[in-house]
Amino acid sequence: MVNNPILSVKNLEVKFKVRDRVLTAIRNISLDFEEHKVVAIVGESGSGKSVFTKTFTGMLDINGEVTQGEIWFEGRNLMDIKDDKGWEEIRGKKIATVFQDPMTSLNPVRTIGYQISEVIMKHQGKSMEEAKKEALELMTKVGIKDPERRYDEYPFQYSGGMRQRIVIAIALACHPKILICDEPTTALDVTIQAQIIRLIKDLAEEYQFTTIYITHDLGVVANVADYVAVMYAGQIIEFGTVDEIFYDSRHPYTWGLLSSLPQLGLKGEELFAIRGTPPSLFEEVKGDAFAPRSNYSMKIDFIKEPPIFDITDTHWAKTWLLDPRAPKVEPPLVIRTLHQRMLDMTKKGGVYGER
Amino acid sequence: MNKGYILKRLLRSAISVLIIMLIVFTLVYTLIPRNSIFSKDDGYRKLASKPDEKTEYMYNIWQKLGYLTFVRSADDFQELYEMGSPEMEEALKPGSKAAEEFKAKYEAQGYTVEKYPKSGRYYAYKDIPIIQHVAVWLSNLIEIDTPWSVKDENNPDLHRGISLGRTESGGLALIGSGTNHKHLIYSDSHFPWLHQNIIKLQFGESYPTYQGLDVMSVLFQSQGAEVKRPVTYATGKEAESGIIFGTETYKAVVDRMDKQKFTDNYASYQVQRDQPSMIGTSFIIGFFAMILSYLIGLPVGLLMARRKDKLADKLGMIYIIFIIAVPSLAYIYLFRYLATAAFDLPSVFTTYGAKDIRSWILPTISLALPSIAGLMLWTRRFVVDQMSQDYVKFAKAKGLSQKEIFNRHIFKNAFIPTAQGIPASLAACLAGAIITESIYAVGGMGKMLPNAIQQYNNVMIVALAFLFSTISVLSIIAGDIILTKVDPRISLTEKAGRS
């Protein structure tokens with residue numbers, strides 16, 4: 001589907017053992033990640049966004065297991081890696097991760113400098129002095145002023161935004177091919193969020209890495225992503241370029257997600273909320289997982305899982321609405337007018353998401 | 001490090017120790033019936049048939065212990081009449097003019113005046129208020145030796161001054177004259193090699209046990225049989241003796257034997273004995289037990305955390321639960337039984353004595369058993385706690401191996417809360433371990449406080465309360481200082497919140 005995939009996921013299934021019950025967190029996902037592009041994975045809490053990306057670095061919790069599927073990266077199937085020793089060649093070195101909360105991502109009693117240099121020494125085999133030199137460069141790159149002095153400081157002497165910059169510096173220390181940003185700005189305040197997003201964007205150009213964003217924040221998505229993958233109940237239910245998802249989405253869940261954006265709500269109307277709750281993944285999901293919550297569900301939605309319907313070369317969705325036999329439905333008004341309203345909002349100047 | 005903070009902490013500690021001492025004094029000197037202190041005193045028992053002497057003995061002891069001030073009519077009349085003269089005898093009789101004057105005079109001063117049961121002579125006493133008692137005790141607590149310390153009317157020509165010299169054993173010494181100690185500072189071949197006699201803690205004389213010895217000597221002087229060696233005294237006399245040169249103190253009355261050995265009045269001395277002091281014995285056992293428990297407890301606790309819920313963890317848990325659930329008396333006896341059956345080790349300390357290392361092994365291990373369990377439990381807990389932290393996840397995502405994460409990150413973080421407790425466990429060594437010491441018949445500190453309470457040794461109770469509370473307060477401060485060294489987030493300042 002995409003050219004030149006750097007990472008290719010095939011039929012991935014992940015299960016967790018939770019108190020003698022089995023939870024299927026990822027239900028048969030196949031997805032290619034194009035090199036140097038930014039892919040945003042969106043979806044509500046519990047939809048499996050984080051679990052999905054954790055499989056790329058073998059970071060599933062101890063009770064989780066990939067039961068099926070392949071992940072191809074640099075000509076090898078990562079699922080063949082059996083122990084931590086093998087994963088250490090990938091983690092940090094090839095695929096790096098930035099976590100949500102910079103407040104807790106750093107060891108509170110080790111110096112910032114140590115925590116950066118440590119990775120450089122480990123993966124590049126450099127000496128302490130060389131590592132320090134490189135660490136200082138990285139610190140400058142991520143916008144830390146006076147790095148010489150701050151090198152020997154501890155995380156508690158840094159603000160939240162500064163710490164996230166350090167976390168990014170550590171993630172980039174070994175020039176990874178892929179950077180997974182697991183909600184990198186959720187714990188930060190709005191002004192800092194924009195700075196961090198800009199920083200990741202700039203660094204992606206400089207270091208030429210592929211970025212995978214996990215986020216709830218559609219504002220961030222609109223601003224940085226090339227492609228968007230919408231996840232629901234352990235599946236990607238719609239995938240497309242950012243424009244296709246925002247202006248020509250096809251899945252009722254995507255519509256619901258976009259309609260719930262406070263920034264995009266219609267004036268005078270009550271803010272939209274998707275009714276109901278996601279299905280329990282302890283039981284097998286029958287048909288379309290979103291059907292019970294959808295306003296557009298048909299009989300078949302409760303019987304048979306929808307296949308993938310291609311809309312364009314880059315855009316596909318998993319909904320029976322795209323079947324030629326399905327009745328023609330119009331997306332809600334909010335979605336139909338979204339394009340125009342977004343243009344209105346942004347034409348005053350500035351970039352959406354950086355407001 | 002904030003010096004002001006430490007100073008204030010010390011000041012506050014001093015105040016809390018003072019409050020503790022006030023409470024202890026109140027407990028010991030007002031709530032324990034003062035007649036009970038004689039129950040273990042042989043000297044008192046011998047006076048049972050001599051009521052007058054008994055009364056006088058009791059009041060003298062009470063005066064010495066600081067309960068009251070005591071005046072016999074004879075003391076009061078000493079200036080008026082010659083001792084033993086007929087006038088004196090006349091005055092002492094009850095009903096005489098002088099005696100009645102004595103009664104009136106002291107009653108006016110708030111004294112209680114009573115009669116000896118047999119002779120009917122008067123004596124007066126007045127209780128010392130507890131605050132004053134504490135104040136006097138405190139003012140005598142620190143004794144500084146100066147050339148004017150010795151007040152001996154029979155030796156008016158005593159030279160007063162300080163000079164440099166050597167002890168009889170050849171060590172360099174600061175020699176005082178007119179001082180209580182002949183050698184104010186001296187060096188010799190015994191730990192800690194340099195000794196000082198200028199500042200001494202003075203808790204008073206022990207009573208009714210260890211009579212005649214001051215408390216510090218009871219706790220700090222070596223015990224057992226004198227270790228004799230050939231020595232040459234200042235006079236050139238050669239003899240076998242356990243004398244520790246450097247400990248000579250002033251003796252007002254020098255007898256013929258002393259004159260053969262010493263050229264001056266400094267003829268009182270301490271001797272070397274073959275067992276360490278009580279505090280030393282306890283400290284040696286406690287210190288090595290502590291080292292042992294850290295050497296075993298920390299790595300095993302770490303291992304248990306790494307192998308959580310696996311066999312190693314479960315075995316460790318069984319040990320911990322065993323130690324917690326079984327009374328220490330039981331498992332120490334069990335351990336002793338097993339260890340003496342399996343190895344050639346003595347079941348009591350006294351079999352081979354302090355000189356033989358085998359005597360020390362079982363008490364030390366027995367003492368370490370519970371602290372190993374405690375350290376295992378806490379280390380496991382802290383490590384497990386750290387393992388689920390986000391920074392560990394991030395460290396893993398950085399590509400660090402499990403071993404690197406444990407060694408470089410988790411262990412240091414998990415050790416921080418443990419580090420704070422090290423000074424306290426070191427201090428606890430000084431207090432001794434009553435169960436271990438009594439099972440192995442070790443002459444240590446453990447029994448001191450319970451015994452002192454049982455035997456109504458008020459001086460000892462007060463001294464131990466002071467020593468233990470001071471040491472523990474200081475060790476808590478030391479623990480906090482260590483904490484600031486290992487944890488950069490913590491600094492000791494007056495102001496709360498961020499630095």
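This is a short walk through a two-chain model, from the contact between the chains down to single residues. The model is predicted.

Let's start where the chains meet. Chain A puts 24 residues into the contact, and chain B puts in 20 residues. Which elements of chain A give two or more residues to that side? They are helix H3 (102-105) and helix H4 (112-124) of chain A. H4(A) gives the most, with four residues.

Now chain B. Its domain assignment lists domain 1 (35-132), domain 2 (146-197 + 228-271) and domain 3 (278-446). Take the centres of domain 2 and domain 3 of chain B over C-alpha atoms: 45 Å separate them.

Zoom in on one helix, H6 of chain B, residues 97-108.

Which residues of H6(B) are buried? B:Ala99, B:Phe102 and B:Tyr106. Look down the axis of H6(B): these buried residues fall within an arc of 55°, so they line one face of the helix. Why does that spacing work? An α-helix has 3.6 residues a turn, so residues three or four places apart point the same way.

Turn to the face of H6(B) that points away from the buried side. There you find the exposed residues B:Lys97, B:Glu100, B:Ala104, B:Glu107 and B:Ala108. And what covers the buried residues of H6(B)? The cover includes strands E1 (68-72), E2 (112-115) and E3 (122-127) of chain B, along with helices H4 (73-77) and H5 (86-92) of chain B. Just after H6(B) comes B:Gly110, with a positive phi of about 95°.

One more stop in chain B. The peptide bond between B:Tyr207 and B:Pro208 is cis, with omega about 0°. B:Pro208 sits in the loop between strand E9 (199-201) and helix H8 (215-220) of chain B.

Back to chain A, and a sheet. It is open, has four strands in the order E2-E1-E4-E5, and pairs antiparallel. Which strands stand at the edges? Strand E2 (21-34) and strand E5 (76-77) of chain A. Each has a single partner strand, so one side of each is left without a neighbour in the sheet. Two bridges join E4(A), residues 64-73, to E5(A). A:Trp72 has A:Asn77 in E5(A) as its bridge partner.

Stay with E2(A) for a moment, because A:Asn28 lies in that strand and, with 15 C-beta neighbours inside 10 Å, counts as partly exposed. Its phi is positive, near 60°, and A:Asn28 is not a glycine. A:His175 also has a positive phi without being a glycine, at about 50°. A:His175 lies in the loop between helix H7 (160-172) and strand E7 (178-182) of chain A.

Last one: A:Leu138, in helix H5 (residues 128-141) of chain A. Buried or exposed? A:Leu138 is buried, because 24 other C-beta atoms lie within 10 Å, and the cut-off is 20 or more. Beyond its neighbours within four places in sequence, A:Leu138 is in contact with A:Ile116, A:Ala169, A:Leu172 and A:Ala173. A:Arg165 is 27 residues from A:Leu138 in sequence, yet 9.8 Å away in space, C-alpha to C-alpha.

Note on methods:
Residues are numbered from 1 along each chain as its sequence is written. Chains are lettered from A and ligands numbered from 1 in the order in which they are written. This is a predicted model: local features need pLDDT of at least 70, side-chain atom pairs count only at pLDDT 80 or more; totals for chains, interfaces and linings use all residues. Two residues are in contact if their C-beta atoms, placed from the backbone, lie within 7 Å. Domain bounds come from an automatic or database domain assignment. The expected span of a helix is 1.5 Å times one less than its number of residues. A residue is buried if 20 or more other C-beta atoms lie within 10 Å of its own, exposed if 12 or fewer, and partly exposed in between; C-beta atoms are placed from the backbone. The arc is that of the directions from the helix axis to the C-beta atoms. Two strands pair if DSSP finds at least two bridges between them.
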